[in-house]
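Visitor: I would like to learn how to read a model like this one. Can we take it feature by feature?

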Amino acid sequence: MNLKPLTSKWRLALVLAGISALMTACHRLPPPTGGTAAVQGKPVPLAANSGAAPDTNAFAAAELAHAKYVHETIERLVSLQMNDDPASLAAILAEMKNSDKAIRDAALKATIQFNDRSAIPALQKIADETTDPYEKVDILKAIDYLKLPSFTEYMAYRRSLKAAGQPTNAPADAPMSATNPTPAAVQP
Amino acid sequence: MKLNKIALVALSAALAFGAKSSTAADAKYVGYTTDHQSLTFSLQLATQQPQQYNSAIHLWTDSFKTVKLTNKDILALLAFMAQTTWPTGAQLEYDDESSQLIVADKTGNNVLFYAGEGVDNESLYAYLRLNPYYREGVYSGTQQNSTPGSENYTGFDVGILDIYIDDWFDDYANYMDIYGYGASTTLWSESWDSNKANGFHGFSFSPVDTSSGYEDGVVSPSGKANNYSSYQYLTGTITGFESWSSVNNPSARKHSKSPKH
């Protein structure tokens, strides 16, 4: 039995696990992503258990490295979503094609928070290409949400009407006027 | 205190003692927090529209219009309340120390505005009150008080979202009155050994409101718009989340706070 390759693998696994454990300890876990927060935020198990088999440690190291990548990517998306430039939106949409579902979910939420209707064609294209029916529905719901005017736009519109002396709304019990020609008493 | 937050404390201290930063130089901090959840707003607000009447066929038509409220909208709303503009990277948080929504700078720790306290002066009375733990309900979970140990809880509470703007200084151009209750699911999880403690907590709150807004109704012959109530319908979700991974002694861990704080 040749023990040399096994020993090297063991050392490599230990080194990787140690580095990953250290990095994990120094970084926060993934930020919020709505309903899946509990899954994504699940505490990462400590890696460097000396009693574990080498293959297990190597797997744990890879898992931790991936968790760190996911965490950093999601943090970047959360940061990008507050920008207003096309480059930031493009970077967010690019992550919609990431192979990691947690990142795709975070990218979709970041797209919603970015709040720019110019994202809709790209989202529609991704929805058309998505084979996961649940993910497709989530994207289509996001498109519907993005199509809505924003509250900020609505308030600006309301202020503009007011500045022009126009009514911003007229409820059903409003008195007779040019915009509401029948008294409330005879309305259905 | 979490390791990354210790680093932020040190960074903030450095900034306070003269280190130059465009954000720090421009921003006026009103407080400091190390215990906060990042917030994500995904709400929809429907507002009843003026009733339309077609006199030719005697048809009355009622309708509503819906707008979305995301973090950017809430930040813009709070900027109006505070009569300011936020520095780049400003973010919404639920401050577990003061139990209210805050606007923090990009570090997340320097408080720019306490939205729950809001503004109350001669020209403006406004606030945004968020409490995902407004009325506590049932909860389930386990607590292993040993080392290593862990704690995991899920709670089912009622939250409240209350946004009010009474802006007489600009003739109520931004008047608002939203008051929503709803289910709030809270999560708490932490595990620790003799060297480390990892954990997260958060909530998902779905406020619903049918209260009346305040709109300009009809322009009178004098040109002055009259104010009327109109119905609103608020739906959607607000989520909060915080996680940590530290090398603190378990005695300093936050689990003593428990989900039922």
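Visitor: Which residue is the bridge partner of Arg135(B) in E11(B)?

Guide: First, the ground rules. This is a predicted model, where local features need pLDDT of at least 70, side-chain atom pairs count only at pLDDT 80 or more, and totals for chains, interfaces and linings use all residues. Residues are numbered from 1 along each chain as its sequence is written, while chains are lettered from A and ligands numbered from 1 in the order in which they are written. Now the general idea: strands (E, at least two residues) and helices (H or I, at least four) are DSSP runs, numbered from the N terminus. Two strands pair if DSSP finds at least two bridges between them. Here, Arg135(B) has Val158(B) as its bridge partner in E11(B).

Visitor: How many bridges join E10 and E11 of chain B?

Guide: Strand E10 (residues 125-144) and strand E11 (residues 149-166) of chain B are antiparallel and joined by 15 bridges. They make a hairpin, with four residues between E10(B) and E11(B). E11(B) also pairs with strand E12 (residues 176-192) of chain B, antiparallel, over 17 bridges. Within that pairing, Asp162(B) has Tyr179(B) as its bridge partner in E12(B).

Visitor: How many helices and strands are there in chain A?

Guide: Chain A has eight helices and zero strands. Along the sequence, its pattern reads α-α-α-α-α-α-α-α.

Visitor: Is Glu122(B) buried or exposed?

Guide: Count C-beta atoms, placed from the backbone, within 10 Å of the residue's own: 20 or more others means buried, 12 or fewer exposed, and in between partly exposed. Glu122(B) has 7 others within 10 Å, so it is exposed. Glu122(B) sits in the loop between strand E9 (119-120) and E10 of chain B. Its C-alpha atom is 33 Å from that of Thr107(B), 15 residues away along the chain. In chain A, 32% of the 188 residues count as buried.

Visitor: Which residues touch the most other members of the largest nonpolar core?

Guide: A nonpolar core is a set of buried Ala, Val, Leu, Ile, Met, Phe, Trp, Tyr and Cys residues joined through C-beta atoms within 7 Å. The largest one has 40 residues, and Leu78(B), Met81(B), Leu101(B), Val103(B) and Ala115(B) touch the most other members. Helix H3 (residues 71-82) of chain B gives the most to this core, seven residues. A second, separate core has 18 residues, including Ile74(A) and Phe114(A).

Visitor: What does Val103(B) touch?

Guide: Contact means C-beta atoms, placed from the backbone, within 7 Å. Leaving out residues up to four places away in sequence, Val103(B) touches Leu75(B), Leu78(B), Trp86(B), Ala90(B), Leu92(B), Leu112(B), Phe113(B) and Ala115(B).

Conventions: Two residues are in contact if their C-beta atoms, placed from the backbone, lie within 7 Å.
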